[in-house]
Amino acid sequence: MAAVKSQPTRIVIVGGGYVGMYTALGLQKKLRSGEASVTVVDPQPHMTYQPFLPEAAAGSIEPRHVVVPLRKVLDRCHVVTGRVTRIEHADKSVTLETADGHVETLEYDVLVNALGSIARTLPIPGLAEQGIGVKTIGEAIYIRNHVLSRLDQAASTRDPELRRRLLSFVVIGGGFAGIETLAELEDMARYALRYYTQLKAEDMNWVLVEATKRVMPEVSEKMGVYTVQQLEKRGMKVFLDTRVKTMENGHVVLDDGTEFDSDTIIWTAGVKANPVLRNTDLPLDERGRVRCTAKLQVEGLAGVWSAGDCSAVPDLSRTEEDPMATCSPSAQHAVRQSKVLVGNIVASLRGKDQKDYFHKYIGSVAGLGLYKGVADVYGIKMKGFLAWLAHRGYHVAKMPTFNRKFRVLMDWLLAFVNGREVVALGQINDPKAEFDRASRS
């Protein structure tokens with residue numbers, strides 16, 4: 001007679017992003033009552049749909065609609081708002097620092113590593129002080145308010161040198177995040193200029209700096225060239241095969257000798273695995289990612305699973321050409337891996353066989369501002385309006401929960417009818433400033 005477990009299997013998911021949230025969502029649907037308990041740990045109480053951050057920054061989507069509240073959708077899971085600081089599989093424990101600052105330890109039977117990635121920075125003088133990323137909703141809100149406030153200040157100053165600095169906007173990194181952020185913000189700023197009679201579109205200086213010889217390597221080279229041409233037609237400057245030497249005090253110096261001052265420097269030059277993984281006894285590769293099998297199990301460790309940007313998962317669609325090929329850090333892989341992960345975890349709990357993760361890259365879509373885009377899907381290449389529709393259609397389909405899909409669609413409809421909102425709410429960056437000033441008067 002089979003032994004009966006005295007308590008449910010304890011599943012702990014570290015990370016509440018794509019992999020963490022989708023895995024928890026799938027487990028709470030598939031697990032039988034009393035079969036297992038699921039705990040999700042993340043520093044934020046929400047999951048962020050990052051492909052929509054450029055549109056949130058540009059005012060096409062309400063920022064709150066880009067995030068999915070974990071406690072609302074994971075109603076059968078336990079959600080802990082805290083930052084994981086250590087994982088010790090030898091003791092089957094996760095150490096975390098909660099929102100109120102105290103340290104807590106969670107024990108587990110099954111661990112899912114979904115810590116994701118962070119911005120990959122370089123030792124460029126001034127980057128830490130001047131740069132801002134585009135990986136969180138807070139950064140998107142800040143960038144929107146910052147760009148619009150530069151227009152306000154530029155329209156109010158009589159100093160031509162200061163005006164040039166205020167109206168110079170730099171994006172470093174020519175991947176999808178960089179291209180979409182640059183294009184959406186330029187489109188927003190150009191739209192906003194109709195309300196600034198003192199400013200003209202030619203006064204703005206939008207710059208993209210990319211260290212390689214092409215942008216968006218995920219699409220064909222021809223589509224990459226088309227993208228650069230479209231940006232340059234709108235007056236933007238694109239520097240390829242170029243690196244930033246310094247940006248101290250907002251003075252940007254490129255390695256081709258170009259120099260200019262900028263008040264807005266946005267960094268989108270790649271990602272790296274969450275450095276918390278170095279504080280674990282999980283096997284890591286040379287890039288700091290957790291080594292995994294094609295079944296998304298951590299190599300050599302029973303009951304430990306991993307997926308997403310922080311995981312070196314074999315890319316079975318390419319291993320014939322390159323036996324060491326691993327899946328790229330993208331939402332396309334993360335969402336699909338989470339589905340396989342759910343099935344494999346449930347199968348392992350029930351003593352059944354698990355499946356390999358296999359996904360052949362189908363292509364990509366990118367928005368280049370309102371009604372503009374590029375797409376390369378299943379070998380079909382689209383440009384302009386059709387590509388923009390494909391971009392919006394794909395991402396709203398992948399947006400988790402019907403609630404968020406509906407809200408995003410309504411945001412687009414209202415923006416189409418009423419136009420963009422072009423007001424800066426810079427007070428949220430220092431909400432006590434006015435109260436402090438009043439208390440001193």
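A salt bridge is a side-chain nitrogen of Lys or Arg within 4 Å of a carboxyl oxygen of Asp or Glu. The views below come from a predicted model, in which local features need pLDDT of at least 70, side-chain atom pairs count only at pLDDT 80 or more, and totals for chains, interfaces and linings use all residues. Residues are numbered from 1 along each chain as its sequence is written, and side-chain values use heavy atoms, with hydrogens and water left out.

**View 1. Salt bridge between glutamate 107 and arginine 10.** The whole structure holds 18 salt bridges. In the one shown, the side chains of glutamate 107 and arginine 10 meet at 3.5 Å, N to O. The pair joins distant parts of the chain, 97 residues apart: glutamate 107 lies in strand β7 (residues 103–107) and arginine 10 in strand β1 (residues 9–14). Strands (E, at least two residues) and helices (H or I, at least four) are DSSP runs, numbered from the N terminus.

**View 2. Crossing of helices α1 and α9.** The axes of α1 (residues 18–30) and α9 (residues 331–349) come within 8 Å and cross at roughly 35°. Axes are lines fitted to C-alpha atoms, for helices over the stretch in contact, with angles from 0 to 180 degrees between N-to-C directions. The crossing is right-handed, meaning that the near helix is turned clockwise from the far one by less than a right angle. Tyr18, Tyr22 and Leu27 are among the α1 residues that meet α9, whose partners include Ala334, Leu341 and Ile345; contact means heavy atoms within 4.5 Å. The contact residues divide into eleven nonpolar, three polar and one charged. Ala, Val, Leu, Ile, Met, Phe, Trp, Tyr, Cys and Pro count as nonpolar, Asp, Glu, Lys and Arg as charged, and the others, Gly among them, as polar.

**View 3. Crossing of helices α5 and α7.** Here the axes of α5 (residues 137–156) and α7 (residues 176–192) come within 11 Å and cross at roughly 40°. This crossing is right-handed. From α5, Ile143, Arg144, Val147, Leu148 and Leu151 meet Leu185, Met188, Ala189 and Ala192 of α7. Eight of these residues are nonpolar, none is polar and one is charged.
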